[in-house]
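This report describes how two chains meet and how parts of each are arranged. The sequence and structure come first, and the description follows.

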Amino acid sequence: MNCSEASLLLHAYTDGELDLVRSLDVEKHLQTCAACATQNRGLLSLRAALRTPDFAYRAPQSLRKKVRQISRTPDEKPRLTRMPWLWQWLATGATALAVLTLMLRPAGPSDRDLLANEMVANHVRSLMVGHLTDVVSSDQHTVKPWFNGKLDFAPDVKDFAAQGFPLVGGRLDYLNGRAVAALVYRRNQHFINIFVWPADRAGADKTATENRRGYNLINRDVNGLHYALVSDLNLAELSQLADLIGK
Amino acid sequence: MEPQAGFEQIVLPHLDAAYNLARWLAGNDHDAEDIAQEACVRAWQFFGGYRGGNSRAWLLTIVRNTAYTWLKKNRPQTMVTLTDDDLAEVEDTAGQGRAFQNADVPVLRAALEELPLEFREALVLRELEGLSYKEIADIAEVPLGTVMSRLARARRQLQTVFHRKGDVSK
């Protein structure tokens, strides 16, 4: 990890929002780089200063009293009961809107589009919020049994370290309206999420490959399971991994 | 449970947090109290729609939206908010390693008050209220990545502004 990468991640690092692997990467860099270490100390010092009571305003007693009155004043009943006609009107409007939406559906984003967006979003989130893996292991015999009892199918987990794609771990995720397995691999500095679910579900193109917001997506059906690969890794190398799964 | 008792149990414990956010967004005690009170009235009106979950984030979302509506109406000039892409990077890296002391509080407070609204909001929710990126993203209705960049820029700007102010006061 170099300084520009580190300074990009430093805020998420001090906020405790990085996954374990990246957190350790930043930590390692801080031990060897005096400039970034100074920057890190500056962030911690700023945080400590902002967390003193000097910065936290407390609600005045007058406000506390007024708020206690709110729910005890007949005039301020929750609107739900006060204006039934408005809600009826809104409900009619909502139904009409729903019908319209259904009619207009073909013009909106397709299921495939939504799913692809969802996959990219899950991939990005997994890297960002310190939740890349629930089970951290490069041992396929640790990761595969971990999914037992958590899912109604058994994803095939293999380590491809020999081919340059070491297994990092696994995680439960939610995609396409169901719980799915997320297998995490690494290619040099790039993380790859592979989402796995039973193949019979509609919504994903069986072999679609696409690029979305700079992330590459590859879909494959193998032995009754659907594998969706997402990564910022280039398409050629990502295809190598997809082919390995297919073997 | 009576709705009234439920409402007080949900809202009163977070009243300090609600007021604190309103105070940092509004900039003075009087307006902050108005905004916080208005937000609590709305919270009571929406209480039928509250489905459990993180009550503090729920209330802070209402406070935030109330404050924005109030600011748009009463101080439109402060609402000339920049899009995140427009917000120029602070190139000045001076002061990034600075250690803060007790004596810095008044200057630091003024610097925080001068931050653009969205930056101030992100920093208050993160540092003063201790919310996670995900919670802040939900409250401010922006993606996680935007929360991260706003926080980074807010802190950098604070350090820079502070650094300049510090120079002037010396």
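In this predicted model, the axes of H4(A) and helix H3 of chain B (residues 29–46) come within 10 Å of each other and cross at roughly 20°. H4(A) is therefore roughly parallel to H3(B), since angles under 35 degrees are counted that way. The crossing of H4(A) with H3(B) is right-handed. On the side of H4(A), the residues that meet H3(B) are A:Ser62, A:Leu63, A:Lys66, A:Val67 and A:Ile70. Their counterparts in H3(B) are B:Glu33, B:Ala36, B:Gln37, B:Cys40, B:Val41 and B:Trp44. Sorted by class, this contact has 7 nonpolar, 2 polar and 2 charged residues.

H2(B) contributes B:Ala17, B:Ala18, B:Leu21, B:Ala22, B:Leu25 and B:Ala26 to the contact. From H4(B) come B:Arg56, B:Leu59, B:Leu60, B:Val63, B:Arg64 and B:Ala67. By class, the contact of H2(B) with H4(B) has 10 nonpolar, no polar and 2 charged residues.

The table sets out the two pairs.

| Helix pair | Axes come within | Crossing angle |
|---|---|---|
| H4(A) and H3(B) | 10 Å | roughly 20° |

The contact between the chains as a whole takes 38 residues from chain A and 41 residues from chain B. On the side of chain A that touches chain B, at least two residues each are supplied by helix H1 (3–14), helix H3 (34–50), helix H4 (61–70), helix H5 (79–82) and helix H7 (111–128) of chain A. H3(A) gives the largest share of that side, with 10 residues. The residues of chain A on this side divide into 17 nonpolar, 7 polar and 14 charged.

Chain A also holds an open sheet of 7 strands. The strand order is E1-E2-E3-E4-E7-E6-E5 (chain A), and the pairing is antiparallel. Strand E1 (135–136) and strand E5 (209–212) of chain A stand at the edges with a single partner strand each, so one side of each has no neighbour in the sheet. E5(A) pairs with strand E6 of chain A (residues 215–222) in the antiparallel sense over 4 bridges. Within this part of the sheet, A:Ile218 in E6(A) is the bridge partner of A:Thr209. Helix H9 of chain A (residues 235–246) packs on the sheet, where H9(A) touches strand E3 (178–187), strand E4 (190–198), E6 and strand E7 (225–231) of chain A. The direction of H9(A) makes about 15° with that of E6(A).

Confidence values complete the description. The model scores ipTM 0.86 and pTM 0.57. Chain A has a mean pLDDT of 80, with 81% of its residues at 70 or more. In chain A, pLDDT stays under 50 over residues 79–83, and the model has 4 contacts beyond four places in sequence for this stretch. For chain B the mean pLDDT is 83, and 84% of its residues reach 70 or more. In chain B, confidence is highest in helix H2 (residues 15–26), at a mean of 96, and lowest in helix H8 (residues 144–169), at 78.

Conventions:
Residues numbered from 1 in each chain as written. Chains lettered and ligands numbered in written order. Predicted model: local features only at pLDDT ≥ 70, side-chain atom pairs only at ≥ 80, totals over all residues. Contact = placed C-beta atoms within 7 Å. Nonpolar A, V, L, I, M, F, W, Y, C, P; charged D, E, K, R; others polar. pLDDT = per-residue confidence, 0-100. Pairing = 2+ DSSP bridges. Axes fitted to C-alpha atoms, helices over the stretch in contact; angles between N-to-C directions. Parallel < 35°, antiparallel > 145°, perpendicular 65-115°, else oblique. Left-handed = near helix turned anticlockwise from the far one by under 90°.
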